[in-house]
Structures are given as structure tokens and as C-alpha cells.
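The following note sets out numbered points on the structure shown below. Each point takes up one topic, from definitions to individual residues and then to the overall fold.

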Amino acid sequence: MRPQPRIELHLHLEGAAPPGFIRALAGEKQIGLKGVFAPDGGYAFRDFLHFLQVYEAATATLETPEDYHRLTRAVLAERAADGVIYLEAFLSPDFCGGGDVVAWREYLAAIEEAAAAEKRTSGIEMRAIVTPVRHFGPERARRTAACAQETAGKFVTGFGMGGDENAGRPADFTPAFDMAREAGLRLTTHAGEFAGPESVRASIADLGVERIGHGVRAVEDPALVAELAERGITLEVCPGSNMALGLFPDWPAHPIAHLRDAGVKVTVSTDDPPFFRTSLTREYECLARAFRWDEEVFRSLNITAATAAFCDETTREGLLKKLEPGS
Ligand code: ADE
Ligand code: ZN
């Protein structure tokens, strides 16, 4: 049976690369990948910072627009089989052409063409969020924002920072976010994942984001939880990612249900599914078990996601229609 339609707002394209895909690509190019894989063939890492290193080592096998074309098709086909009808993927000009805008255009064209082909095959719709990598620093973030400005449009609709949340302060990245906003891009950033409530507050104040990637550690500050609810900031929550990276001891201890009960707009995504050995199907199963959430709760989470999606209004209306019961 096909799963109910799902909207996924937070997924890193390289982080969704099936390990077999990366292993095959490395084999074709005779690139050594020591320390990337566990004995069972999945990705291996010890903690968050080591995860970022392994992620970058695996990503180094993706060297050309054609590699990204193949990756995009593989990832979208897998997401569609997991019930995803609309996906926002983080794309990094740092990995796609080393921050050079001419090269970035070529990578992006290949990715967009693959997305169009996969839409014809499985119906999945994709939008891109251009991503500065925080630990690469503010100067490279500005170069990334320049790439985003050049390509903002129907496909590239957002700008959102990933990487090590403890590298620098949000204010260091204000110029990059200002550039993206001026280009008409919608804004999000990772915060409240590996830093506390002050990181979420500063991201809202200094970057002007309307969504937060993760944001779950806001729960440590009840006043911030109330503020998120009041301002209608949407959290792109990735519970399985948080569990795999050791943020919470078990699924019932994950704060997503508490945040939702407090009126915060929460959504569910997978972040880097093969790294965290997850899928949306697994996320929904674990959440249903931990919090007794039923189909109606998941439908409302997907409506929240469609409402907060960085897409045009016609696309949004189409998504909301597909989420209606019995459609
Ligand atoms: N890049 C890929 N996955 C990430 C995560 N969970 N946090 C920050 N940066 C990332
Ligand atoms: Zn992420």
C-alpha cells in the first residue's frame, strides 16, 4: 500500500545519498573512502562533528554536474517511494562547484533537470534551499549568498544555513542572509540542535528566519517556546536525526510532542536519512508509538508543512488538496 502523502521540508541532498550509490561512484573513480562505511555497509560516525567529517568525505566523490544529476534522481525516487510528494532539499554551492557561480549554475541545471525528469516519473515536486556551511565561515557564506542571488527563482526558493552550529555567531552571517532576503528568498537556519535556546533566539533576531531547522532545544526555555508559538515560526523537526546523534535518551523523551502541545508549528523530516538509518515511514512509526499519534495528527503536521513550504501559492494549493482525506 502506498503511504499517505507527505511533505518533507528538511533534507540535505548529499546526506540522502544511498551508501551503495557513493560506494559505486567511488569505485568508478577509484577514490578511497577510508572510515566512511560501517561493516554492514551503512555510513559510520561517532558523534556530530565526526558525522560532518564523514558527510564531507562521502560528498567528495560527487565531482561533476552529471554526478549530481544521478544523485538527484536516486534520492528523489527513494523519497517518492517513502510517500513524499513535495521535498525541499538543501544544496550547497560549496560542494557544487567550490563556490564559483558559473560552475554552480551548471550543477544546478543538472539537478533541476533531474528533478523535472523524476517529477514526470513519480510526481514528486522539489524545491531547492541554497545552503552556506557554517563552519566554512562568513566570507564563504557571502559567496554562497551571491550564488543564491544569481539563481533565485521558481526552483531555488530558499536560503538556509547548515553545518556546525557552534562555529561563529548568527550575527556573523547577517550580511549573507540579507543578500538572500533581498533576492526574494525565504529564510531558514539550523539552530537549537547542538546549541541551546540562545542560538534559536539569536538566529531569529540576527538572521530574520521564518523557519528553524531542528529548533528542538528551544524546549529548555519556556519563554522561547511561547515566543515561537506566538510568532508562528515553523520548526523543521528531524526526530530520528536527533536520536541518532544522541540528543535525547529515547523517543518518548523527544520534545516534539511537547512543542506541538504548546502551540509551536512542528513538521517532520529525515535530515540525512541513510546516515541516520531512517525514512519518513520509520519516523512516523516511531512517533506513533511514542506519542500515540494517529493518521489525523500526521495529516495536520503535513498541512503545517505545506503551509510553511517555500513554494508559490498555486503549488501550495495543489499540495493542500492532495492532503485532503480521500483525495
Ligand atoms: N548538515 C547535514 N546534516 C546536518 C545537521 N543535522 N546539522 C547541521 N548540519 C548538517
Ligand atoms: Zn539538517
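1. A residue is called buried when its relative accessible area is under 20%, exposed when that area is over 50%, and partly exposed in between. The model discussed here is a predicted one.

2. Which class does S269 fall into? Its relative accessibility is 1%, so S269 counts as buried. In the chain, S269 sits in the loop that runs between β8 (265-268) and α11 (280-291).

3. One of its polar atoms lies 3.2 Å from the backbone nitrogen of L9. For the backbone nitrogen of H10, the distance to a polar atom of the S269 side chain is 3.1 Å. Residues up to four places away in sequence aside, S269 touches E8, L9 and H10, and also V237, C238, P239, L280 and E283.

4. R134 is another loop residue, placed between β3 (125-130) and α5 (138-151). Is R134 buried or exposed? With a relative accessibility of 4%, R134 counts as buried, because that value is under the 20% limit.

5. The contacts of R134 deserve a separate point. When neighbours within four places in sequence are left aside, R134 is in contact with M161, G162, G163, D164, E165, A167, G168, R169, P170, F173 and H190.

6. Two residues call for a check of backbone geometry. Most residues other than glycine have a negative phi. Q30, which is not a glycine, has a positive phi near 55°. Q30 lies in the loop between α1 (19-29) and α2 (48-59), and its relative accessibility of 74% makes it exposed.

7. R277 likewise is not a glycine and has a positive phi, of about 50°. The loop between β8 and α11 holds R277, and S269 is placed in that loop as well. R277 has a relative accessible area of 44%, so it is partly exposed.

8. E313 belongs to helix α13, which covers residues 313-322. At 48% relative accessibility, E313 counts as partly exposed. Between E313 and A218 there are 95 residues of sequence separation, and their C-alpha atoms are 30 Å apart in space.

9. As to the overall fold, the protein has 13 helices and 8 strands. Its radius of gyration is 18 Å, close to the 20 Å that the globule rule gives for 327 residues, so the protein is as compact as a globular protein of that length. Taken along the principal axes, the box filled by the C-alpha atoms is roughly 50 × 45 × 40 Å.

10. How many of the 327 residues, as a percentage, count as buried? The figure is 57%. Among contacts between residues at least 6 apart in sequence, 74% join residues at least 24 apart.

11. The accessible surface of the protein comes to about 13,000 Å², and 52% of it belongs to carbon and sulfur atoms. The protein has 35 positive and 48 negative charges, whose mean positions are 2 Å apart.

Note on methods. Residues numbered from 1 in each chain as written. Chains lettered and ligands numbered in written order. Predicted model: local features only at pLDDT ≥ 70, side-chain atom pairs only at ≥ 80, totals over all residues. Heavy atoms only, no water. Helix = DSSP H or I, 4+ residues; strand = E, 2+ residues; numbered from the N terminus. Rg over C-alpha atoms; globule rule 2.2 N^0.38 Å. Buried < 20%, exposed > 50% of the residue type's maximum accessible area, 1.4 Å probe, protein only. Contact = heavy atoms within 4.5 Å. Areas by Shrake-Rupley, 256 points an atom, 1.4 Å probe, with all protein chains shown as cover. Lys, Arg positive; Asp, Glu negative; His and termini not counted. Charge placed at Lys NZ, Arg CZ, Asp CG, Glu CD. Polar contact = N/O pair within 3.5 Å; in protein donor to acceptor, adjacent residues only side chain to side chain.
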